[in-house]
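Reader: I am new to reading protein models. Can you take me through one, feature by feature?

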Amino acid sequence: MCSKLSRLPAIAPVAARQAAAVMEAGLMHRIPIVVGLVAVLIGPSAVLAGLVLVLGRTAGTWCPTGPAVVQVPDGLVARAADGQLVRLNRVQLTHAATIITIGARTEGVGRDGILVALMAALTESRLRMLANTTAYSASATFPHDGDGSDHDSLGLFQMRPAAGWGSVGELMDPTYQATAFYGGPTGPNNGSPRGLLDVRGWEQLPKGAAAQAVEVSAYPDRYAAFEPVAVAILDALTQTSARAGSAVPADMPAPAPPATARVVFPLPAGTWQRTSGFGMRVNPVTGVYELHAGVDYAAASGTPILAVADGRVVFTGRTAGGANSIQIAHTINGTPAVTAYRHLRDGGTHVAVGDHVAAGQHIGDVGSTGNSTGPHLHFQVHPGGDAGSPFDPEPWLTGAAERTQPALARAAAPTCPTTEVTP
């Protein structure tokens with residue numbers, strides 16, 4: 001695998017077919033073939049619905065071991081260790097999100113393993129899904145961001161079919177590439193060629209050396225230079241960005257939100273229609289495949305938005321995407337949580353930071369600000385507080401109180417193992 005690239009056209013938006021590719025790591029390395037057939041027969045929207053069901057069914061048995069992607073920025077600029085400035089766009093960062101998500105869902109990888117993978121992909125392809133029409137003309141029929149010409153190498157990690165990494169179709173799938181790079185017991189190649197988890201003692205190696213152990217490049221010293229860029233990417237995609245608007249100052253201790261056990265729906269009955277659920281999807285505004293971290297309910301502009309539980313307002317203002325937003329901190333049956341209400345219309349925020357609100361209180365009005373295709377409420381729940389990873393709010397909202405509050409507690413304090421397994 002080398003990084004000699006040629007004839008690289010402008011990066012095009014990833015087609016909806018690629019959206020069908022991101023599956024549970026390890027378990028799904030053959031399923032994209034089936035998903036591709038389904039996409040052809042019944043269309044990508046049905047495939048995405050199926051993915052949500054698959055992810056939902058396996059959530060109870062899958063323990064993420066690394067950071068969760070919470071956003072994909074439009075761009076990022078970082079400086080490599082050798083001084084070069086690396087500029088990445090949203091498409092490249094979406095590929096990074098795939099690498100992070102697969103790594104987080106692969107036991108034994110953790111943050112360090114994700115950094116190794118990002119360093120490798122940055123070095124090999126600059127986080128581009130590269131076809132190779134010189135070696136495989138059919139590679140251009142798959143979603144891709146450019147055309148490389150290094151031997152018969154393909155994709156983000158420049159993996160070679162001739163070396164046994166997989167078929168052309170598999171290697172033009174970014175999820176398959178990430179799964180193969182991590183390897184291990186759930187990888188597609190059973191240790192030959194070796195993925196990261198198949199390299200004994202990789203955790204003790206410098207990260208650049210660990211990347212080289214998988215890539216087996218003629219230029220082994222290239223990877224280390226991209227460690228600062230990999231760190232910048234991981235931080236940017238997994239940490240909530242600074243937001244404009246009013247918020248509780250970080251150095252000001254805030255009183256605990258009022259405790260409650262009552263949860264209500266965030267919109268009046270008969271006023272809304274569910275339009276999009278929690279999970280990976282193609283963003284209808286940007287066309288990018290990414291995590292939809294909440295649930296959308298279409299409603300007429302001006303429809304009252306209700307606080308779902310007693311709590312204290314901790315944020316009002318615009319999100320990074322330009323949507324008017326309210327965030328409320330709660331303590332529900334002893335479990336902390338933050339709920340977010342987004343896309344409120346201008347002038348439609350009726351509370352201020354520090355206000356105490358009651359379940360069912362009118363806090364704002366439905367609108368279509370920010371990245372939005374029409375008036376709706378985007379509702380999000382962060383168990384454990386604002387820094388907690390979002391989870392699917394629908395089972396929590398629709399279940400009875402005695403069932404939903406334990407569900408929130410489990411999400412806030414998962415029982416997944418926290419120690420990494422040495423391969």
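Author: This is a predicted model. Start with R345. With a relative accessible area of 34%, R345 is partly exposed.

Reader: What does R345 form a salt bridge with?

Author: With D365. Their closest N and O atoms are 3.5 Å apart. R345 lies in strand β14, residues 335-349, and D365 lies in strand β16, residues 362-366, so the pair ties together parts that are 20 residues apart in sequence.

Reader: Is D365 buried or exposed?

Author: Buried, with a relative accessible area of 5%. The cut-off for buried is under 20%. So R345 is partly exposed, whereas D365 is buried.

Reader: How many salt bridges does a search of the whole structure find?

Author: It finds 9. One of them joins the side chains of R160 and D152, at 2.4 Å from N to O. R160 counts as partly exposed, at 28% relative accessibility. D152 is buried, at 7%.

Reader: Now strands. How do I read the two faces of one?

Author: Start with the general idea. In a regular strand the side chains alternate between the two faces of the sheet. Now look at strand β1, residues 75-79. Its covered face has L76 and A78. Its uncovered face has G75, V77 and R79.

Reader: Which strand does β1 pair with, and in what sense?

Author: With strand β2, residues 85-89, in the antiparallel sense. The pairing runs over 5 bridges. V77 stands opposite R87 in β2. The hairpin has 5 residues between the strands. In that hairpin, G83 takes a positive phi near 100 degrees.

Reader: And helices? How many residues of helix α7 are buried?

Author: For helix α7, residues 174-182, the count is 9 of its 9 residues. Its buried residues include Y176, F181 and Y182. D173 caps the N-terminal end of α7. A side-chain oxygen of D173 lies 2.9 Å from the backbone nitrogen of T175. Just after α7, G183 takes a positive phi of about 60 degrees.

Reader: What about loops? Where is T106 found?

Author: In the loop between α4, residues 90-104, and α5. Check its side chain next. A polar atom of the T106 side chain lies 2.7 Å from the backbone oxygen of I102.

Reader: Show me another loop residue. Which residues does P390 touch?

Author: Leave out residues up to four places away in sequence. Then P390 touches V70, F278, A293, Q380, V381 and H382. P390 sits in the loop between β17, residues 376-383, and α10, residues 394-398. P390 is buried, with a relative accessible area of 13%. The C-alpha atoms of P390 and Q380 are separated by 6.8 Å, though the two are 10 residues apart along the chain.

Reader: Now the whole chain. What does its secondary structure come to?

Author: It comes to 11 helices and 17 strands. Of the 423 residues in the chain, 52% are buried. Now take the contacts with a separation of 6 or more. Residues 24 or more positions apart account for 67% of these. The chain exposes about 17,500 Å², and carbon and sulfur atoms supply 57% of that area.

Reader: Where is the confidence lowest, and where highest?

Author: It is lowest in helix α1, residues 16-19, at a mean of 34. It is highest in α8, at 96. The chain averages a pLDDT of 76, and 73% of the residues score at least 70.

Reader: Which residues have a pLDDT that stays under 50?

Author: Residues 240-254 are one such stretch. The model has 28 contacts for them beyond four places in sequence. Over residues 400-423 the pLDDT is also below 50. That stretch has 40 contacts in the model beyond near neighbours in sequence.

Conventions. Residues are numbered from 1 along each chain as its sequence is written. This is a predicted model: local features need pLDDT of at least 70, side-chain atom pairs count only at pLDDT 80 or more; totals for chains, interfaces and linings use all residues. Side-chain values use heavy atoms; hydrogens and water are left out. Helices (H or I, at least four residues) and strands (E, at least two) are DSSP runs, numbered from the N terminus. Buried means under 20% relative accessible area, exposed over 50%, partly exposed in between (1.4 Å probe, protein chains only). Contact means heavy atoms within 4.5 Å. A salt bridge is a side-chain nitrogen of Lys or Arg within 4 Å of a carboxyl oxygen of Asp or Glu. A polar contact is a pair of N or O atoms within 3.5 Å; within protein, one must be able to donate a hydrogen and the other to accept it, and residues adjacent in sequence count only if both atoms are side-chain atoms. pLDDT is the predictor's confidence in each residue, from 0 to 100. Two strands pair if DSSP finds at least two bridges between them. Accessible areas come from the Shrake-Rupley method with a 1.4 Å probe; for residues, only the protein chains shown count as cover.
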